[in-house]
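Reader: I have a structure to read and would like to go through it feature by feature. Please give the general idea each time, then the case here.

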Amino acid sequence: MLGMIAARLKTTIPSVIGVIIVTFLLTRVLPGDTAAYFAGPAASNEAIADIRSKLGLDQPLPVQFVSYVVALVRGDLGTSLTTGQPVTADLAQRLPASAELTLVGLLISMAIALPLGVLAAVRQGSWIDHLCRIVATAGVSLPVFFTGLLLVYVFYFILGWAPAPLGRLDVFFSEPPRVTGFLLIDSLIARDLGTFSAALSQILLPALTLAIFSLAPITRMTRASMLAVLGADFVRTARASGLSTRKVIGTYAFRNAMLPVVTTLGMVFSFLLGANVLVEKVFAWPGVGSYAVEALLASDYAPIQGFVLTMAILYVALNLLIDILYGVIDPRVRLEG
Amino acid sequence: MAAAPLLDIRNLTVEFATRRGTVQAVKAIDVSVGKGETVAIVGESGSGKSVTSYAVVRILDRAGRVAEGSIAFSGIDLVSATEAQMRDLRGREISMIFQNPRAALNPIRKVGKQIEDVLVQHVQATRATAREKAIEALEKVRIARPAERYDAYPFELSGGMCQRIVIALALACQPQLLIADEPTTGLDVTTQKAVMDLIVELTRERGMSTILITHDLGLAAAYCDKVVVMEKGRVVETASAAEIFHNPQHPYTRKLMKATPRVGMSLRDLLPEDQAKKTTSTPPVEAASAKPPATSAGRAPLLVVENLVKEYPRPAKGSFLAKLTGQAEPDQPAFRAVDGIGFEVRRGETLGLVGESGCGKSTTSMMVNRLLDSTSGRIVFDGQDIGSIPAKQFAASPFRRRIQMVFQDPTDSLNPRFTAERAIIDPILRMGQVRGRAALRARCEELAQLVGLPVELIDRFPHQLSGGQKARVGIARAIALDPDLVILDEPTAALDVSVQAVVLNLLEELKQRLGMSYVFVSHDLNVVRLLCDRVIVMRTGQIVEQGTAEEVLGAPRAEYTKELLTAIPHPPS
Amino acid sequence: MNEMSKVEPAPLRFEAPPSTSLLAHARHIVAENPVTGFAFGLFALILLAAVFGPWLVPYDPLASNTSVSLQGPSAAHWFGTDQLGRDIFSRVVAATRLDFSIAVASVALVFLLGGLAGVMAGFFGGWVDTVVGRIADTIMAFPLFVLAMGIVAALGNSVTNIVIATAIINFPLYARVARAEANVRREAGFVQAARLSGNSEWRLLLTQIVPNIMPIMAVQMSLTMGYAILNAAGLSFIGLGVRPPTPEWGIMVAEGASFIVSGEWWVAFFPGLALMTAVFCFNLLGDGVRDLVDPQRRN
């Protein structure tokens, strides 16, 4: 098992190197004056020249790359013009908000998608199968920012069930002491149920928006792989040996069907981390996505670059986790990896 | 046989709902199996033999249903039994073994656990005793070190071993009836014998009844008391194995029996009477394409292979970092698929290349026809070392047109977007002299006639042709440029026996007429005996024995050849 | 079942050769699956709006008229008006051309680049395969929308760069599909047979491999059209690429977003609905094209 994890870890090295090179190229090699970008639109010529030498942009490219990597290793992603803070600090401050939102969204989505996909495959052609198809086709067609706005209109404006889409916590509540950075968890640690329910009511709509968005790929994959597995020879053997339906579907079919679904999770995360940006904008969620959008509008380049790099490293790490999870389920990977 | 049969199928009709309406896969059949009896259900693909067995255990897929008839199993009506009753019977009273044993096992569950599941389900074991009983079941199917194998996953075991596990699974609860659906298809002949012997021994020991479903009449006759022959969903004949073999009644059985290659037959014997006459009356070919009748004596051999080796590197072990720092383990020796073999093919002869899967026979044939580069060794064709021409450039070599090949799978070997004509004339377009639409068409029609493909079919696409017709297209393409050497890579493995009989005869006839030489790659010794002048037996990349067909197959010297020969099912005499 | 299909010498479903019967087959598919027919109809409508949209609409999509700002849907303004009093219906229809062009251009670009790279990687293997694989892996190491943001931010805020970014993030998908399809066919019997017939490797690639994987690439193209539109709209929603006052669905939803909380739903709703309908149509169409090309893969 440890060997497998080490082997997987090794495969992420080229990805990380690739990510670093691409983010470097995006800032330094492309047309346009990088120093002007970094200095912001209002900077004077002297300020730009100052930034150019401070960033080492007057050096040859390989030297720039080395200093870029050295800065990365020290955790230095530059300074945001808008907030005046180091980008690393800004991102660290805002990352838990995005992570909490993404994870809650994913949990809701899996809680719906897995049973739906399995039932649709087991009862092929039934109403639940048709529902599954509608979810799968409609889900991928919904622009995530549009779903968010519809939910806000219905649940906030018309029904009044949800709070205003303005961040993680209503202004009347104060944030619990920061432990994990996840408000739902921190408020429970602080035994503050009032804050917990306030945070929960804030997160529900944006998380639901993300869930609706990721529902389609997971449902579609669960149904398809479950169908494939149910038609497999070993399921026929299990049925022919008189195993109970529960055993056949639960132990034999479901576990095997989960393998492609786990693989799909990688793609789902890719979508989710992107969709997060849009959802954060709709719900004024103080995460890294809205931070990047604000920076985009202000032509503040360092935060955008830091954001892209952070998201990519995070995504590589998530894929590593998925690979390990796959190995836990599948002995073929575990024993040969 | 006064007692009521254990399984009694009466007037069974099974229907499938398809997009083109209802199809009857099984039509009003009667089959009965007595206690302790071994019954074979034999038929070609599509005869409904498997569907019958699925209907018995009621695991037909969604589209299928029993339309009519009854299935009684020791007094219980299986057609009207509830699903719960059926679940109780399956695995405990009636068990099944399927073909492709590796796929029949759950790939991500320990094999021991899979046996436990069945034992626990049928209350043959408690959680406490399950492990012990599962190991016992493994022991009974002669698996060495059963306690260790308990923890194995299917991917860690060989095909034969997987089939033993499947048998252990099926027999774990001591059922009364075992249904084996093509249990040895895809297994090598020696493994096939081991598995069949095991099944027969275990079921005899326990006084069980067995239904063997197979396409192989020889196998059925060798192992079963009674044989039921099915054709297109109907039972055409039911008789004892000896009777079927020596005195088949129904014309279809006779045809099937005739088409099954056996010792002491000639190729012509395989054909039904009417067809045998027809093929002999085809007109002789024009002198242009006929070469002087080539007898091997006195002339240099057409092909000489010397010390031929094909190595594949093994995946390197040791981590990436270890490799960077030079601490990687020393590289393992490369895997030798073909390990220094030498042989020759004389002019006008058919050389058989036989062996079980993985013996290197296909790799050898791919190197000889220059689709694959060898690691070392010489391939001398008509006095020229063609082995030194890289495979990638061989297409431009003048030798390309002289060495051609007929592929194993006729479907896979035809481009789905080319008509039969386009496929046949492809080599002529690239390397031939014939030019012009009309001339090409004429040549194509000539070739079609030569291989017995109706000329009106040459404008069709592969999916509009039957397996036998596609095989003929493949042959026509191979002989389009009058090659000297044709490599036949299991050319009939994907065909039913009756089609195989016709294709084999066609190949023999073409060889005579066009003066070609063949290298015939096969795992089927009975077919090799019919077609080949000389035979090479291969194992793990090396030649075990070579000589004339009579010598090697009649009086084998090598232990392995003897083993292969005894493994062929022998019908009752 | 499997066994049964083998029996029939020539399955009726394939009675006619694939090339000539495409139209008949399409008719058959539409007749059997009305949803696909509906999708084709919708597609025709989108095409119509994209080509003739600007001449069909009742108002100038750019003309503001503050006296009628933020009015709900009415007979005069079917989809209502926005904060500047512009007619939303006219803007939604006029936006079709831009959104559609971005999607078509990026899909065409990635089809050429990704498809070619993938086919060569799969057929020739070796270093070509390594290089293409490495590029695809590096792109895949990013969350795709985030990478698109980074690319547009770096290349500059323009529609062309949105097209390029969308093509780049779809590159791995096309390269991988083409690679896999070319790779399985590299050693297929019919390709080997063509080698024996004296065809050179390049000729094999062009006559044996490429024609056989075109249908699969066509399916891929229609399936990614929807995603391309969504991606472009998403980028303009956060203020990249298209700039106001240009009518474009993503930016129109963004402009309408602030009015949702005060109840003026139509400003964001109709452009969002148009966007959703277009994507929905392309997804259905993708499934339909798959049926058309490969009837066996239908579930």
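Predicted model: local features only at pLDDT ≥ 70, side-chain atom pairs only at ≥ 80, totals over all residues.

Reader: How many helices and strands does chain B have?

Author: Helices (H or I, at least four residues) and strands (E, at least two) are DSSP runs, numbered from the N terminus. Chain B has 20 helices and 20 strands. Its radius of gyration, taken over C-alpha atoms, is 27 Å, close to the 25 Å that the globule rule (2.2 Å times the number of residues to the power 0.38) gives for 573 residues, so chain B is as compact as a globular protein of that length. The C-alpha trace of chain B spans about 75 × 70 × 50 Å along its principal axes.

Reader: What is the order of the strands in the open sheet of chain B?

Author: In general, strands of a sheet pair through backbone hydrogen bonds, either parallel or antiparallel. Here two strands pair if DSSP finds at least two bridges between them. The open sheet has 4 strands in the order E2-E1-E4-E5 (chain B), with antiparallel pairing. Strand E2 (21–33) and strand E5 (76–77) of chain B are the edges, each pairing on one side only. Between strand E1 (residues 7–18) and strand E4 (residues 64–73) of chain B there are 8 bridges; B:Arg10 has B:Ser70 in E4(B) as its bridge partner.

Reader: Why is strand E13 of chain B described as largely enclosed?

Author: A residue is buried if 20 or more other C-beta atoms lie within 10 Å of its own, exposed if 12 or fewer, and partly exposed in between, with C-beta atoms placed from the backbone. In strand E13 (residues 350–354) of chain B, 5 of the 5 residues are buried, so the strand is largely enclosed by the rest of the structure. B:Leu351 and B:Leu353 point one way from E13(B), and B:Thr350, B:Gly352 and B:Val354 the other way. E13(B) runs parallel to strand E18 (residues 517–522) of chain B, with 5 bridges, and parallel to strand E19 (residues 534–539) of chain B, with 4 bridges. B:Val354 is partnered with B:Ser522 in E18(B), and B:Gly352 stands opposite B:Val535 in E19(B).

Reader: Which residues have the most contacts inside the largest nonpolar core?

Author: A nonpolar core is a set of buried Ala, Val, Leu, Ile, Met, Phe, Trp, Tyr and Cys residues joined through C-beta atoms within 7 Å. The largest has 350 residues, and B:Ala476 and B:Val519 have the most contacts inside it. Helix H11 (residues 245–282) of chain A gives the largest share of this core, 18 residues.

Reader: How many residues of helix H10 of chain C are buried?

Author: In helix H10 (residues 249–260) of chain C, 9 of the 12 residues are buried, so H10(C) is largely enclosed by the rest of the structure. Among them are C:Trp249, C:Met252 and C:Ile260.

Reader: How many residues of chain A are in contact with chain C?

Author: Two residues are in contact if their C-beta atoms, placed from the backbone, lie within 7 Å. By that rule, 41 residues of chain A are in contact with 38 residues of chain C.

Note on methods
Residues numbered from 1 in each chain as written. Chains lettered and ligands numbered in written order. Expected span 1.5 Å × (residues − 1).
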